[in-house]
Amino acid sequence: GGIRVPLFVSWPGRIAAGRQVNAPVAHIDLMPTFAAAARASPPAGVEIDGVDLLPFVTGHSPPNARPHQNLFWQSGYYRVVRSGDWKLQVSERPARTWLFNLADDPTEQHDLSEEHPARVAELRALIDQHFANARSPLYPHTIEGPVSVDHSLARRAPEGAEYIFWPN
């Protein structure tokens with residue numbers, strides 16, 4: 001699991017070997033893709049956030065088409081949107097915002113939030129709009145703890161490391 005984990009798909013006779021799609025997708029796309037592969041209809045009356053990836057992996061989508069314009073995720077106080085090459089991360093505890101241009105900075109080393117306030121506002125509006133209609137978690141968190149930003153939990157975080165609170 002993670003943000004930049006490749007997805008490998010194999011379906012001999014349906015997907016050409018070596019075919020690549022260089023656009024972000026998410027776990028939410030698996031159910032619609034499997035349903036389409038099985039020629040099954042998604043459940044009626046249920047909103048599905050994911051998309052069928054088969055047109056993209058088989059080459060039947062328009063050139064340069066992307067499965068998603070925006071991808072969202074959250075965990076407790078932490079919310080994120082990726083829109084094109086821009087990624088905005090917002091933490092409510094503590095109150096903190098990070099903005100990255102993933103085309104120039106794929107490892108998210110340079111926070112651009114202070115240099116691009118208009119982009120922050122645009123992406124924050126996307127987050128607010130998306131989560132305004134989201135349902136509450138089925139299993140609310142019962143504990144939370146500080147997690148060091150950009151440091152493995154396997155080692156002690158260096159002095160002065162930045163923390164967010166992560167619910168579990």
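Predicted model: local features only at pLDDT ≥ 70, side-chain atom pairs only at ≥ 80, totals over all residues.
**Salt bridges, rings and a buried valine**

Residues are numbered from 1 along each chain as its sequence is written, and side-chain values use heavy atoms, with hydrogens and water left out.

What does arginine 93 form a salt bridge with? Its partner is glutamate 144, and the closest N and O atoms are 1.8 Å apart. A salt bridge here is a side-chain nitrogen of Lys or Arg within 4 Å of a carboxyl oxygen of Asp or Glu. This pair links distant parts of the chain, 51 residues apart: arginine 93 is in the loop between strand S3 (86–92) and strand S4 (95–101), whereas glutamate 144 is in strand S5 (residues 144–148). Glutamate 144 has a relative accessible area of 33%, so glutamate 144 is partly exposed.

Now step back to the whole fold. The protein has 3 helices and 6 strands; both are DSSP runs numbered from the N terminus, with helices (H or I) of at least four residues and strands (E) of at least two. If you follow the sequence, these elements come in the pattern α-α-β-β-β-β-α-β-β. The C-alpha trace spans about 55 × 35 × 35 Å along its principal axes. Of the 168 residues in the protein, 29% are buried. Among contacts with a separation of 6 or more, 40% are between residues 24 or more positions apart, where contact means heavy atoms within 4.5 Å.

Back to the salt bridges: how many does the structure hold? There are 7 of them. In one, arginine 82 pairs with aspartate 85, with 3.8 Å between the closest N and O atoms. Arginine 82 counts as buried because its relative accessibility is 18%, and aspartate 85 counts as partly exposed because its value is 34%. Another salt bridge joins the side chains of glutamate 122 and arginine 119, at 3.7 Å from N to O. Both residues lie in helix H3 (residues 117–132), 3 residues apart, which is about one turn of the helix. Glutamate 122 is partly exposed because its relative accessible area is 40%, and arginine 119 is partly exposed because its relative accessibility is 28%. Salt bridges can also join into a network, as they do for Arg96, Asp111 and Glu162.

Next come the aromatic rings. Searching the whole structure gives 2 aromatic pairs. The ring centres of phenylalanine 72 and phenylalanine 131 are 6.3 Å apart and the planes stand at 90°, so this pair is edge-to-face. It links distant parts of the chain, with phenylalanine 72 in strand S1 (residues 70–75) and phenylalanine 131 in helix H3, 59 residues apart. Rings of Phe, Tyr and Trp (its six-membered ring) pair if their centres lie within 6.5 Å; planes under 30 degrees apart count as stacked, over 60 as edge-to-face and the rest as tilted. Phenylalanine 72 is partly exposed because its relative accessible area is 22%, while phenylalanine 131 is buried because its value is 14%.

The rings of tyrosine 78 and tryptophan 166 also pair: their centres are 5.4 Å apart and their planes are at 45°, so the pair is tilted. This pair, too, links distant parts of the chain, with tyrosine 78 in strand S2 (residues 78–83) and tryptophan 166 in strand S6 (residues 163–167), 88 residues apart. Is tyrosine 78 buried or exposed? Tyrosine 78 counts as buried because its relative accessibility is 11%. Tryptophan 166 is partly exposed because its relative accessible area is 33%.

Our last stop is valine 90, found in strand S3. Valine 90 counts as buried because its relative accessibility is 5%. Leaving aside residues up to four places away in sequence, valine 90 touches Tyr77, Tyr78, Arg79, Arg96, Thr97, Arg124 and Ile127. Between valine 90 and glutamine 74, which are 16 residues apart in sequence, the C-alpha to C-alpha distance is 9.4 Å.

Technical notes
Buried < 20%, exposed > 50% of the residue type's maximum accessible area, 1.4 Å probe, protein only.
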